[in-house]
Amino acid sequence: MIEGKEIFLELGLSWWGCLILLGGLAAIAGLVYSYRRRQRKAGMTKELQEEDGSGGPDFMREASQKEDDGPDHSHVVMASPASDSPMSRLKKRFSHLMDVVMPWEDDEPESAATKKETMPRQPKLITVAERRVVPSYRDLPPELAAELLKPREDFRSLLFRYLNRSRRTNPEIYRAAGMDRKLFSAICVKPHYQPSRGTVIRLALALELTLPEAVDFMEHAGYAFSAARPGDLVVTYYISRGIHDVMTVEDALYEIGEHL
């Protein structure tokens, strides 16, 4: 068995040597952190000066003012270090080394106030309910206003009335219509849900409505049968003859190249 002391002796290290090495690494990390922090502060100061439109530090502004005053102040000369001097090259190499050693120090976590200032303002979304204005109909003719204010039965109420009249369960209705349960539930539950034209026709066939009832059912949903549509002629033909099988109607529509 080799003891721990013998292992450290073979590696040329000791406990004191490990502590010194760790202390040196901690000192290097502290120097790197302080350098990056000073670099960030200098960058923030430069950005603030650019935003204020100062164009440079105070002593540069004083020098420019003195030059504008007259020839008596021409002895004031501003000297800037050359960009290609050995010191600047050394700083560039050192900064590149800092980027490699501690790349996560570039960005500081922003505070809530800084985020509010830097983040662009998102436009407020105005819902349909906020845009909607309750109509008063004051500027309309009295007959038209009375007609508009007359209570009417909506599509869902008419659907529920026909469902109660059929005395069949909801699964029987949406299976006869060839619909999905989720779609049928959305039509029954959501007040402002707008079903498609084919869905309304399927419901009219499943509820076994007469032709006048089917026309009224379509109008309540916002649709209408048209003699200019061959598909509507097929649907009204079978409904007027008491044939409410969805598959039969779809087969006839398939023959003319249409579908529900």
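Student: What makes up the nonpolar surface patch of about 830 Å²?

Tutor: Trp16, Leu19, Ile20, Leu21, Leu22, Leu25 and Ile28 make it. A patch takes residues with over 30% relative accessible area and no salt bridge, joining like charges within 9 Å and nonpolar side chains (Val, Leu, Ile, Met, Phe, Trp, Tyr) within 5 Å. A salt bridge would need a side-chain nitrogen of Lys or Arg within 4 Å of a carboxyl oxygen of Asp or Glu. Areas are from the Shrake-Rupley method with a 1.4 Å probe, and for residues only the protein chains shown count as cover.

Student: How many helices and strands does the protein chain have?

Tutor: The protein chain has 14 helices and zero strands.

Student: Why is Arg197 called buried?

Tutor: The relative accessible area of Arg197 is 17%. Buried means under 20%, exposed over 50%, and partly exposed in between (1.4 Å probe, protein chains only). The value for Arg197 is below the cut-off, so the residue is buried. Arg197 is in helix α11, residues 197–206. Beyond four places in sequence, Arg197 touches Met218, Tyr223, Ala224, Phe225, Ser226, Arg229 and Asp232, where contact means heavy atoms within 4.5 Å.

Student: Why is Arg167 called exposed?

Tutor: Arg167 has a relative accessible area of 79%, so it passes the cut-off for exposed. Arg167 sits in the loop between α8 and α9 (170–176).

Student: How do you know that the buried residues of α12 are on the same side?

Tutor: In helix α12 (residues 211–220), Glu213, Ala214, Phe217 and Met218 are buried. They cover an arc of only 135° around the axis, which puts them on the same side of α12; the arc is that of the directions from the helix axis to the C-beta atoms. In an α-helix there are 3.6 residues a turn, so residues three or four places apart point the same way. On the other side of α12, Pro212 and Glu219 are exposed. The buried residues pack against α8 (155–166), α11 and α13 (230–240).

Student: Which residues is Leu260 in contact with, beyond four places in sequence?

Tutor: Leu260, in the segment after α14 (246–255), is in contact with Gly198, Ile201, Arg202, Val235, Val246, Glu250 and Leu253.

Student: What is the average pLDDT of the protein chain, and where is pLDDT below 50?

Tutor: The average is 74, and 60% of the residues score at least 70. pLDDT is the predictor's confidence in each residue, from 0 to 100. Residues 54–60 are below 50, and residues 66–82 stay under 50. Where pLDDT is low, the predicted coordinates should not be read in detail.

Technical notes: Residues are numbered from 1 along each chain as its sequence is written. This is a predicted model: local features need pLDDT of at least 70, side-chain atom pairs count only at pLDDT 80 or more; totals for chains, interfaces and linings use all residues. Side-chain values use heavy atoms; hydrogens and water are left out. Helices (H or I, at least four residues) and strands (E, at least two) are DSSP runs, numbered from the N terminus.
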